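Colleague: Could you take me through this structure feature by feature, giving the general idea before the particular case?

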Amino acid sequence: MDYKAIAREYHENGFGVVSGFVSAEELVVVDRQLRLYLQEALSDLEPGEAYYEDGGSGAVRCVFRINQRSDYFASLMRDPRLIGLVEALYPGAAAEADGVMLIDKAPYATYQFPYHQDNAYQFWNPAEAVAVTLALDEADDRNGTIVCLKGSHQAPILPHQPSGVTGASLGLVEKPDLTRYPEVSLALKPGDLSVHHVNVIHRTGPNRTADHRRNLGFAYHSSRARRDREAHARYQKHLGRINTSIGQDD
Ligand SMILES: O=C(O)CCC(=O)C(=O)O
């Protein structure tokens, strides 16, 4: 795997895609472990760990901090290949794994995650942190894949407000400048990975297909990054008040 090429793309654009990171055989194991987790842990989760589809179907939309209740996922987020990839993005620093989440965009889900920057609620300084997304299903524009704004990781953190969308805590107050930062949809096959910088502006669209669009999101930061603890505590208090959702923030 050419980690250096991925790192170049990541620093230039703010995101990148790695095809075939996980083999079909491995993906079967990941999928089985996920189903087991959902069967066994879901009923015990605390408020804020899982969010469900609106309308009472009981279908899961997001599950956060999966690593905290599953040895398998705690170990997967420290898989040497993932750590190696993140360390290639931030040479000279160690990769610290923060958590694993599941996003399941249900068939024909109409909601969208609005434009946002993950560091609006993660507060890493320097902004050496990355979201690594492992596609469990094929993802593209038809089913609401992640759309990143090229070059927008160079932008400062822009004003955000509560998104009002279950599963997405914040969205940008103003529509970003798409001429300056063009949109790029991350098309992924099962087993592919995407990486997006913690400052990159991104969004997801609706799922217009009859199938689920699931992915696992792994959050990492470099050992040089420090979290602004006060800002983070203020955000968590605020989240408690808006109570619609959470970002993967720890
Ligand atoms: O996968 C998704 O639907 C949302 C991903 C996202 O917004 C994120 O990782 O910050």
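## Contacts and local backbone

Modeller: Contact here means heavy atoms within 4.5 Å. Leaving aside residues up to four places away in sequence, Ser-163 touches Pro-114, Ala-168, Ser-169, Leu-170 and Gly-171. This is a predicted model, in which local features need pLDDT of at least 70 and side-chain atom pairs count only at pLDDT 80 or more, while totals for chains, interfaces and linings use all residues. Residues are numbered from 1 along each chain as its sequence is written, and side-chain values use heavy atoms, with hydrogens and water left out.

Colleague: In which strand is Ser-163 found?

Modeller: Helices (H or I, at least four residues) and strands (E, at least two) are DSSP runs, numbered from the N terminus. Ser-163 belongs to strand S9, residues 160–165.

Colleague: Are Tyr-108 and Phe-123 buried or exposed?

Modeller: Buried means under 20% relative accessible area, exposed over 50%, and partly exposed in between (1.4 Å probe, protein chains only). Tyr-108 counts as exposed, because its relative accessibility is 55%. Phe-123, with a relative accessible area of 18%, is therefore buried.

Colleague: Where is there a cis peptide bond?

Modeller: Asn-125 and Pro-126 are joined by one, with omega at about -5°. Pro-126 sits in the loop between strand S6 (124–125) and S7.

Colleague: How should I read the length of helix H2?

Modeller: The expected span of a helix is 1.5 Å times one less than its number of residues. H2 (residues 24–41) has 18 residues, and its span from first C-alpha to last is 25 Å, close to the 26 Å expected at 1.5 Å a residue.

Colleague: Which residues of H2 are buried, and what do they pack against?

Modeller: The buried residues are Leu-27, Val-30, Asp-31, Leu-34, Tyr-37 and Ala-41. Seen down the axis of H2, they fall within an arc of 130°, so they line one face of the helix; the arc is that of the directions from the helix axis to the C-beta atoms. They pack against strands S3 (60–63), S4 (95–105), S7 (129–135) and S14 (213–222), and against helix H3 (71–76). On the face of H2 turned away from this buried side are the exposed residues Glu-25, Arg-32, Gln-39 and Glu-40.

Colleague: How far apart are Asp-31 and Asp-98?

Modeller: They are 67 residues apart in sequence and 21 Å apart in space, C-alpha to C-alpha. Asp-98 is placed in strand S4 and is buried, because its relative accessible area is 16%.

Colleague: How do helices H1 and H4 cross?

Modeller: Axes are lines fitted to C-alpha atoms, for helices over the stretch in contact, and angles run from 0 to 180 degrees between N-to-C directions. The axes of H1 (residues 3–13) and H4 (residues 80–89) come within 8 Å and cross at roughly 55°. That makes H1 oblique to H4: angles under 35 degrees count as roughly parallel, over 145 as roughly antiparallel, 65 to 115 as roughly perpendicular and the rest as oblique. H1 contributes Tyr-3, Ile-6, Ala-7, Tyr-10 and His-11 to the contact, and H4 contributes Arg-81, Gly-84, Leu-85, Ala-88 and Leu-89.

Colleague: Which residues are buried in H1 and in H4?

Modeller: In H1 they are Ile-6, Ala-7, Tyr-10 and Asn-13. Viewed down the axis of H1, these fall within an arc of 155°, so they line one face of the helix. Exposed Lys-4, Arg-8 and Glu-12 are on the face of H1 turned away from the buried side. Just after H1, Gly-14 takes a positive phi of about 100°. In H4, the buried residues are Leu-82, Ile-83, Leu-85, Val-86 and Leu-89. Down the axis of H4, they fall within an arc of 160°, so they too line one face of their helix. They pack against H1, H3, S4, S7, S12 and S14.
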